Amino acid sequence: MTPGAIAILSLSMSTDAFAAAVGRGASHRPAVKDAVKAGLVFGVIEAITPLIGWGLGIIAAGLVEKVDHWIAFTLLLIVGGKMIWEGVQTRGADEDEAPRRSGPWALVATAVGTSIDAAAVGVGLAFIGANIWVIAASIGFTTFVLTTIGMLIGKAVGTRFGKTAEIIGGVALIGLGTAILLEHLGVLGG
């Protein structure tokens with residue numbers, strides 16, 4: 001993968017965490033120290049999950065070698081589509097409020113919940129032979145930065161901005177999956 005594609009993937013994978021951080025920031029009004037701690041939790045978990053998915057993908061890669069680009073495309077299409085769907089969903093008055101859960105376990109649960117899609121992407125990355133270590137580190141660092149920023153600006157912008165970021169991330173993932181497919185089909189040079 002090119003550095004630009006890695007950057008797009010990292011930003012896309014971080015948007016769920018950013019959206020959750022904006023919501024948590026709106027309800028918890030964290031100090032900088034607490035926002036950095038939350039960013040670290042989200043970043044580490046977001047870096048680990050594509051590694052897990054990649055490991056599973058490596059195990060299955062030999063079995064699906066001829067259709068690996070279709071699998072990567074399909075996984076990115078599904079994850080991107082899910083992000084867009086969640087981003088455009090309207091919420092009721094009760095749901096529109098930021099999450100009320102607090103404490104370290106709620107933070108970890110939220111981080112795991114927002115990183116599940118990175119495991120699916122990790123599976124797809126194994127099929128195309130991507131450098132998972134660079135990508136996982138990039139995703140983790142980007143998530144750390146965006147989550148920290150999201151926590152700090154959550155109070156000011158509310159949860160609506162997080163939904164927009166999630167939609168943009170979903171569109172970017174679908175675009176990346178399409179580029180992988182077209183490259184492997186020989187439509188795009190690579």
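**Exercise 1. Is Thr49 buried or exposed, and what surrounds Thr49?**

Step 1. Thr49 has a relative accessible area of 11%. Buried means under 20%, so Thr49 is buried. The model is a predicted one.

Step 2. Thr49 sits in helix 2, which covers residues 32-61.

Step 3. Look beyond the neighbours within four places in sequence. Thr49 is then in contact with Ser115, Ala118 and Ala119.

Step 4. Check a C-alpha distance. Thr49 and Val112 are 63 residues apart along the chain. Their C-alpha atoms are separated by 8.4 Å.

**Exercise 2. Classify Ile59 as buried or exposed, then find its surface patch.**

Step 1. Ile59 also belongs to helix 2.

Step 2. The relative accessible area of Ile59 is 67%. The cut-off for exposed is over 50%, so Ile59 is exposed.

**Exercise 3. Work out where Thr148 lies and which residues Thr148 touches.**

Step 1. Thr148 is part of helix 5, residues 132-157.

Step 2. Its relative accessible area is 10%. With buried set at under 20%, Thr148 is therefore buried.

Step 3. Leave out residues up to four places away in sequence. Thr148 touches Ala35, Val36 and Gly39.

Step 4. Thr148 and Val36 are 112 residues apart in sequence, yet their C-alpha atoms are 5.3 Å apart in space.

**Exercise 4. Describe the largest cavity and name the helix with the largest share of its lining.**

Step 1. Count first. The structure holds 1 cavity of 30 Å³ or more.

Step 2. Give the volume. The largest cavity contains about 50 Å³ of space.

Step 3. List the lining. It consists of Leu9, Ala72, Leu76, Val121, Gly124, Leu125, Ile128 and Ile180.

Step 4. Assign the helices. Helix 3 (68-88) and helix 4 (104-127) each supply at least two lining residues. Helix 4 gives the largest share, 3 residues.

**Exercise 5. Describe the second largest pocket: its volume, its lining and the helix with the largest share.**

Step 1. The volume of the second largest pocket is about 250 Å³.

Step 2. Its lining has 12 residues. Nearest the centre of the pocket lie Met1, Thr2, Ala5, Ile180 and Glu183.

Step 3. Helix 6 (residues 160-184) provides the largest share of this lining, 5 residues.

Step 4. Compare linings. Ile180 lines the largest cavity, and Ile180 is also among the residues lining the second largest pocket.

Terms used:
Residues are numbered from 1 along each chain as its sequence is written. This is a predicted model: local features need pLDDT of at least 70, side-chain atom pairs count only at pLDDT 80 or more; totals for chains, interfaces and linings use all residues. Side-chain values use heavy atoms; hydrogens and water are left out. Helices (H or I, at least four residues) and strands (E, at least two) are DSSP runs, numbered from the N terminus. Buried means under 20% relative accessible area, exposed over 50%, partly exposed in between (1.4 Å probe, protein chains only). Contact means heavy atoms within 4.5 Å. On a 1 Å grid over the protein atoms alone, a cavity is a set of points where a 1.4 Å probe fits but cannot get out, and a pocket is an open set with protein on both sides within 12 Å along at least five of seven lines; lining residues have an atom within 4 Å of a point. Grid points are joined across faces, edges and corners, and a volume is the space filled by probe spheres set on the points.
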